[in-house]
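I opened this notebook to record what I looked up in the model, taking the overall fold before the details.

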Amino acid sequence: MKKAFWKYQMKYWFPVYLYLILIFYFSSQSAVPASTTLAEKFYINSYLQHILIYTGLALTIYRAVNYSEKRSSFLAIFSTTIYGLIDEIHQHFVPGRTFELLDIGMDFLGAVVALILIAVYNWMKKDS
């Protein structure tokens, strides 16, 4: 394979792969200590945690998909939401975890928040 391909993979897709692996790893845990700490100390409930985590995932996917001038907001939202669905199915088989449709909705909302942040950033960048 060409060197340019691997450079592109490392620069744009490695953060996505790493993010996906981290989500899968933490979803494999019966209890996530960091999640409990956020909920207790900062009053960030599990739904807000889903929104924040999947906002980050959507941002990394958007960056990887949109390295060229072609913009694909749909692909960022779709792939983030599908991974949220896959993650919920995975959690169904983890002791102490459950499948919740509302979590998938929060994952979708996180993807939408990411695109709103990108739009605001681009709008502010254009004005300056």
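**Conventions.** I worked on a predicted model, in which local features need pLDDT of at least 70 and side-chain atom pairs count only at pLDDT 80 or more, while totals for chains, interfaces and linings use all residues. I number residues from 1 along each chain as its sequence is written, and side-chain values use heavy atoms, with hydrogens and water left out.

**Overall fold.** I looked up the secondary structure and found five helices and zero strands, in the pattern α-α-α-α-α along the sequence; helices (H or I, at least four residues) and strands (E, at least two) are DSSP runs, numbered from the N terminus. The C-alpha atoms fill a box of roughly 45 × 40 × 25 Å along the principal axes. Of the 128 residues, 32% count as buried, where buried means under 20% relative accessible area, exposed over 50%, and partly exposed in between (1.4 Å probe, protein chains only). I then turned to contacts (heavy atoms within 4.5 Å): among those with a separation of 6 or more, 70% join residues 24 or more positions apart.

**Helices α4 and α5.** I checked the helix spans against the expected value, which is 1.5 Å times one less than the number of residues. For α4, with 20 residues, the span is 29 Å from first C-alpha to last, close to the 28 Å expected. The buried residues of α5, including D103, M106 and D107, pack against α3 and α4, whereas those of α4, among them A76, T80, Y83, E88 and H90, pack against α1, α3 and α5.

**Core.** I next asked which residues touch the most other members of the largest nonpolar core. They are W13, L57 and I61, in a core of 14 residues; such a core is a set of buried Ala, Val, Leu, Ile, Met, Phe, Trp, Tyr and Cys residues joined through side-chain atoms within 4.5 Å. The elements giving two or more residues to this core are α1 (3–27), α3, α4 (73–92) and α5 (101–127), and α3 gives the most, with six. Beyond four places in sequence, I61 touches V16, A76, S79 and T80.

**Second largest pocket.** I noted about 250 Å³ of space here. The lining includes Y12, Y62, R63, R71, I118 and K125, and by class it has six nonpolar, two polar and three charged residues. (Ala, Val, Leu, Ile, Met, Phe, Trp, Tyr, Cys and Pro count as nonpolar, Asp, Glu, Lys and Arg as charged, and the others, Gly among them, as polar.) A pocket is an open set of points on a 1 Å grid over the protein atoms alone, where a 1.4 Å probe fits, with protein on both sides within 12 Å along at least five of seven lines; lining residues have an atom within 4 Å of a point. Grid points are joined across faces, edges and corners, and the volume is the space filled by probe spheres set on the points. The largest share of the lining, four residues, comes from α5.

I found H50 in helix α3 (residues 46–65), buried because its relative accessible area is 12%. Leaving out residues up to four places away, H50 touches E88, D103, M106 and D107. F24, in helix α1, is partly exposed because its relative accessible area is 43%. With neighbours within four places set aside, F24 is in contact with Y83 and H90; F24 and Y83 lie 59 residues apart in sequence and 9.7 Å apart in space, C-alpha to C-alpha.
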